[in-house]
Amino acid sequence: MYLTIQGLVLRITAYNDTDALLTVLTRSHGKLTVKARGLRRKSSPLTAPCQLLAYGEFTLFEHRGYYTINEATSLELFHSLRRDIQKLSLATYIAQVAETLSQEDMQNPELLSLTLNSLYALSKLNISETLVKAAFELRCACLAGYMPDLQSCQYCGEHYPDKFDITQGQLECSKCRNYETHGIRMPITPGVLDAMRYICSCDPKLVFSFQLGEDSLIMLSQLTEGYLSAQLERGFSALDFYKSLFVESTNI
């Protein structure tokens, strides 16, 4: 049986000397693992549409639950990302998060749209990498069922408390802290809190349509990164590499 789908390549794994396995995020079938025969040959016609972060149309042959690529056509390759190691490493982190949150044969069109929009923003829009990263992380957490409680302090009801518990996903004031509870509290300002509230509730197409000063963006990114990592209970190698680039640049 043949199946034609559109999808984003999230990961490539060597299968043997000539073949590879692709992890592809699709709108209609969720995450799929598909075999690309001959992909590791230099002359393979699948090279462009089957590279990491390529969005394309794939004709698959399905047999007993296993998929093999019969034909593939590139729809978007995000060329500018591949010419910038910093943006490419951030885009790879975005792909790793999307792979972690997606499931085999389970539709998740919102996650695919968010991932594609994030790659498009990094590639073609004049938007801060820090803003794209933070908005993607927090919106991903919401899509995965980890919507934080950003209404007010959980103890006194203050609308703009000064701490965010990234472990529990809730707000609290320093004066209200219960030292008997476990959690990691990070500072938060009113502007950053408003940005987080916006990211969680806005129209998906407008998730990057807000502005913050540089210091506030850095705080936002630290909060969203910490929150997503705490909820997923894991880190990401591409994020570690992305952050190492900033360390190296300061040592030059």
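Predicted model: local features only at pLDDT ≥ 70, side-chain atom pairs only at ≥ 80, totals over all residues.
Which residue lies over the face of Tyr-160? I looked, and Arg-197 is there, 5.0 Å from the ring centre.

**Aromatic pairs**

I went through the rings next and got four aromatic pairs in the structure. I followed up one of them, Tyr-2 with Phe-61, which is tilted, with 55° between the planes and 5.3 Å centre to centre. The partners come from distant parts of the chain, 59 residues apart. I placed Tyr-2 in strand E1, residues 2-14, and Phe-61 in strand E4, residues 55-63.

Buried or exposed, I wondered about Tyr-2? Tyr-2 counts as exposed because its relative accessibility is 53%, and the cut-off for exposed is over 50%. Phe-61 comes out at 33% relative accessible area, so I logged Phe-61 as partly exposed.

**Helices H3 and H5**

Then I turned to the helices. H3 covers residues 129-143 and H5 covers residues 214-232. I have the two packing at an angle of about 35°, their axes 9 Å apart. The crossing of H3 past H5 is left-handed.

Which residues of H3 meet H5? I wrote down Thr-130, Leu-131, Lys-133, Ala-134, Glu-137, Leu-138 and Ala-141. On the H5 side I noted several, including Leu-217, Ile-218, Leu-220, Thr-224, Tyr-227 and Leu-228. Ser-221 and Glu-225 of H5 are also among the residues in this contact.

I sorted the H3 and H5 contact by class too: nine residues are nonpolar, three are polar and three are charged.

Terms used. Residues numbered from 1 in each chain as written. Heavy atoms only, no water. Phe/Tyr/Trp six-rings, centres within 6.5 Å; stacked < 30°, edge-to-face > 60°. Helix = DSSP H or I, 4+ residues; strand = E, 2+ residues; numbered from the N terminus. Buried < 20%, exposed > 50% of the residue type's maximum accessible area, 1.4 Å probe, protein only. Lys NZ or Arg CZ within 6 Å of the ring centre and 35° of its normal. Axes fitted to C-alpha atoms, helices over the stretch in contact; angles between N-to-C directions. Left-handed = near helix turned anticlockwise from the far one by under 90°. Contact = heavy atoms within 4.5 Å. Nonpolar A, V, L, I, M, F, W, Y, C, P; charged D, E, K, R; others polar.
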